[in-house]
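Visitor: I have a model open and would like to learn how to read it. Where do we start?

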Amino acid sequence: MKLRGYILGVLSAVSYGLIPIFILPIKQAHFSMDITLFYRFLLSAIMVGGYLIYSRQNFKINKKEALILAILGICYALSSEFLFLGYDFLTPGIASTVLFIYPVIVALIMFFFYKERLTRLSVFSLLLAFAGVIVLCLKENGLEINFKGLGIVMLSSLFYALYMVIVNKSNLKVSGFKLTFFSMFFTSMYFMTKSIIAHESFAIPSTEIFFNFLVFAFLTTVISSLCLVYAIKHIGSTPVAILGALEPVVAVMVSVLIFHEKFTTNLLIGITLILLGVILNVIGDRKKINHI
């Protein structure tokens, strides 16, 4: 069960790290971000809903579950919105790297509000991974970051951390698929409401953009979200959050290989530190389980 949790955590991080492949061409085409995100989450909800119908699961939820799922949807929506706003100020690699601060926020929320114990190895792995983030931000002439972009992506990080903690601590008696369906549905409603208020057109200009939306929704939303939900159920918020260190690694590699971001020594050192942090956390967590 633990191994399955770690594998799902890695899959969630890798699929989420692929976002720049889909979002940058849409941004370059000056297509509305709210409409893009509306279709991303609506198509994701339809795909997951299709599976729920196929597996004959009902869609029934009570008022308390509806409220929690709506809050999850808003958290996910705000995290996505702030991340994509951040792409206007930071490179995809750097933005996705700054987003990685969310494991620190998750660990701190769990420690201060839920009294979850942090082992020395967990703290060290967090610091190691965070050091990797800092190195990734270094340029030849020192630390060079757009602070407006940094603040925006930090907000994305905060809402992503809140999403993970709420999933872990709300004790929702719904399946992972149902939780994902309603999270995506409420997220799409958020962006639909924004688009209607802004009087934006919902027309999709070409089949190519529609196909982009479809693949974007499946790879970076359906796969990522389902794996995230089940990974949290198997191993908890903090290990999954630290496994999320792979997100910036994937995003940096996408930026280098596809969008020709320069691969520097700092990128190599930063990625290595992040991976070391992830591996140490996994080893430490397995040792802790074996001692119980």
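Predicted model: local features only at pLDDT ≥ 70, side-chain atom pairs only at ≥ 80, totals over all residues.

Visitor: How are two packed helices described?

Guide: Take helix α9, residues 176-197, and helix α10, residues 207-235. They pack at an angle of about 130 degrees, and their axes are 9 Å apart. That makes α9 oblique to α10.

Visitor: Is the crossing of α9 and α10 left-handed or right-handed?

Guide: The crossing is right-handed.

Visitor: Which residues of α9 and α10 meet?

Guide: From α9 come G176, F177, L179, T180 and M184. From α10 come T221, S225, L226, V229 and Y230. By class, six of the contact residues are nonpolar, four are polar and none is charged.

Visitor: Let us turn to burial. How many residues of helix α5 are buried?

Guide: Eight of its eight residues are buried, and α5 (residues 92-99) is mostly covered. The buried residues are P92, G93, I94, A95, S96, T97, V98 and L99.

Visitor: Which side chain does D34 meet in a salt bridge?

Guide: D34 meets K194, at 3.3 Å from N to O. K194 lies in helix α9 and D34 in helix α3 (residues 33-54), so the pair ties together parts 160 residues apart in sequence.

Visitor: And what does E81 pair with?

Guide: E81 forms a salt bridge with K194 too, with the closest N and O atoms 2.1 Å apart. This pair links distant parts of the chain: K194 is in helix α9 and E81 in helix α4 (residues 63-86), 113 residues apart.

Visitor: Where do D34, E81 and K194 stand as a group?

Guide: They are linked in a network of salt bridges.

Visitor: Why does K194 count as partly exposed?

Guide: Because its relative accessibility is 29%, and buried means under 20%. D34 counts as buried because its value is 13%. E81, at 13%, also counts as buried.

Methods:
Residues numbered from 1 in each chain as written. Heavy atoms only, no water. Axes fitted to C-alpha atoms, helices over the stretch in contact; angles between N-to-C directions. Helix = DSSP H or I, 4+ residues; strand = E, 2+ residues; numbered from the N terminus. Parallel < 35°, antiparallel > 145°, perpendicular 65-115°, else oblique. Left-handed = near helix turned anticlockwise from the far one by under 90°. Contact = heavy atoms within 4.5 Å. Nonpolar A, V, L, I, M, F, W, Y, C, P; charged D, E, K, R; others polar. Buried < 20%, exposed > 50% of the residue type's maximum accessible area, 1.4 Å probe, protein only. Salt bridge = Lys/Arg side-chain N within 4 Å of Asp/Glu carboxyl O.
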